[in-house]
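Good morning. I will take one structure today and go through it element by element. Please have a look at it before I start.

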Amino acid sequence: MTHRICPNCDGHASAAITLGGRDHHGHLRTITAQCPACHGTGTARTRSTREGARA
């Protein structure tokens, strides 16, 4: 089964964002932001999975 790429993030589900400046060790301070639509997986669910079973 092939997974569809998330249309909101185009498969780039996570990004490292700098907070500006460096810590006392000289390391760049970053946080990780994830795509809210796919929750960081980079793939989109198929319509039948999202809607659930129908009678």
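**The hairpin and what surrounds it**

Strand 2 and strand 3 make a hairpin with five residues between them, and G26 in the turn has a positive phi of about 90°. Strands here are DSSP runs of E with at least two residues, helices are runs of H or I with at least four residues, and both are numbered from the N terminus. Two strands count as paired if DSSP finds at least two bridges between them.

A word on the source. This is a predicted model, in which local features need pLDDT of at least 70 and side-chain atom pairs count only at pLDDT 80 or more, while totals for chains, interfaces and linings use all residues. Residues are numbered from 1 along each chain as its sequence is written, and side-chain values use heavy atoms, with hydrogens and water left out.

Strand 2 runs antiparallel to strand 3 (residues 28-34), and six bridges join them. One of the partners is L28 in strand 3, bridged to R22.

Which residues make the nonpolar surface patch of about 260 Å²? They are I17, L19 and I31. Areas are Shrake-Rupley values with a 1.4 Å probe, and for residues only the protein chains shown count as cover. I17 lies in strand 2 (residues 14-22) and is partly exposed, at 40% relative accessible area. Buried is under 20%, exposed is over 50%, and partly exposed is in between.

Now the inside. The largest nonpolar core has five residues: C6, C9, A13, C35 and C38. Such a core is a set of buried Ala, Val, Leu, Ile, Met, Phe, Trp, Tyr and Cys residues joined through side-chain atoms within 4.5 Å. Leaving aside neighbours within four places in sequence, C38 is in contact (heavy atoms within 4.5 Å) with C6, C9, A13 and T43.

Two loop residues have a positive phi without being glycine. D10, at about 55°, lies in the loop between strand 1 (4-5) and strand 2, and is exposed at 55% relative accessible area. H39, at about 60°, lies in the loop between strand 3 and strand 4 (43-44), and is exposed at 61%.

Overall, the order along the sequence is β-β-β-β-α. Of the 55 residues, 13% count as buried.

Terms used
Patch = residues over 30% accessible without salt bridge, like charges linked within 9 Å, V, L, I, M, F, W, Y side chains within 5 Å. Salt bridge = Lys/Arg side-chain N within 4 Å of Asp/Glu carboxyl O. Buried < 20%, exposed > 50% of the residue type's maximum accessible area, 1.4 Å probe, protein only.
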